[in-house]
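Let's take a walk through a protein structure together, one stop at a time. Keep the 3D view open and find each residue as we come to it.

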Amino acid sequence: ELHRRLASPDSDSSDDPLSLLPYHELSSKDRKRQDKKVRRMLERLLDLRYRIWQPDTLETLYMQVDDVYESKTRHLSSLFKNGVYWESATHSLLCSLVSSEFQSSTVNYEEDLSPYYRLMVWAILTNRSNLAFFFWTLDGSNSLVNALLGAQICRSIQALPTVEDTPEILSDYHELCDMFKDLSRDVLMKCTHSDSVKTIRILKQQSPHAGFIPTWRLACMMQEMDITASDACQAVVKAEWWGAIDQSNSLAKVFTGLFFPPY
């Protein structure tokens, strides 16, 4: 019944090659043509009282790539397969770009994630450096982890074949990565000078923004000596290495305890 009601004399029954292409790869003319066809189909579905999925604002932003910006977002087709921009697809993508340790399944997108963080990620993935910086500044309570995450995302995107083959996009992400590295370095330095104890607590924090990866691990992934060699980061790494061992013990007592546990 559904197929019969959707069919109409004015519909194009021939195979349309455009229907096989992701929406973001269509030209402006083809998008308008497809929009018109889809609108007719949706109207018929509404007449049949079928519920229709509607993308939220953020998913719509991913789908609506400006024609002016199209040359700088060619890499999106390799990031989002078949043009799927669901929120869950975005976090699965972050898992592949950041680390396999990135946990997206346990994240409540509405409650755990700041809207400015989600917009910052959108701006990074769509190659909008000015907006990425703007949204980063709006989420001050997560400035360090967001900067480290942004740098790691840009670093991974640079290694994609579609980006490596496009010098303009590669240059954009190289500059954006450097910007986030500088921001994370500056934030870490200011935090250390302000309150070193609180800085260590921040570095140990497991934020849902980073998929619950400890902030100090994100810093180590970047392999930036200016960050990992900082006093605060070294203190955290040392504490993680020692674990529950009392650091006031001498090395002789530690090694003796390894061979003679009761000691």
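Keep in mind as you look around that this is a predicted model. Q152 has a relative accessible area of 5%, and because anything under 20% counts as buried, Q152 is a buried residue. What is Q152 in contact with, once its neighbours within four places in sequence are left aside? The contacts are L97, V98, M221 and M222.

Next, move along to helix α15, made of residues 231-242, where E240 lies. Is E240 buried or partly exposed? With a relative accessible area of 43%, E240 is partly exposed. Now look for K204 as well: 36 residues separate E240 and K204 in sequence, while their C-alpha atoms are 9.5 Å apart in space.

Now for some rings. The structure holds two aromatic pairs. One of them joins F133 and W136: the ring centres are 6.1 Å apart and the planes meet at 25 degrees, so this pair is stacked. Both residues belong to helix α8 (residues 129-138), where they sit three residues apart, about one turn of the helix. Their surroundings are worth checking too. F133 is partly exposed, at 36% relative accessible area, whereas W136 counts as buried, at 10% relative accessibility.

Our last stop also involves a ring. Find W216 and look over its face: R217 lies there, 5.7 Å from the ring centre.

Methods. Residues numbered from 1 in each chain as written. Predicted model: local features only at pLDDT ≥ 70, side-chain atom pairs only at ≥ 80, totals over all residues. Heavy atoms only, no water. Buried < 20%, exposed > 50% of the residue type's maximum accessible area, 1.4 Å probe, protein only. Contact = heavy atoms within 4.5 Å. Helix = DSSP H or I, 4+ residues; strand = E, 2+ residues; numbered from the N terminus. Phe/Tyr/Trp six-rings, centres within 6.5 Å; stacked < 30°, edge-to-face > 60°. Lys NZ or Arg CZ within 6 Å of the ring centre and 35° of its normal.
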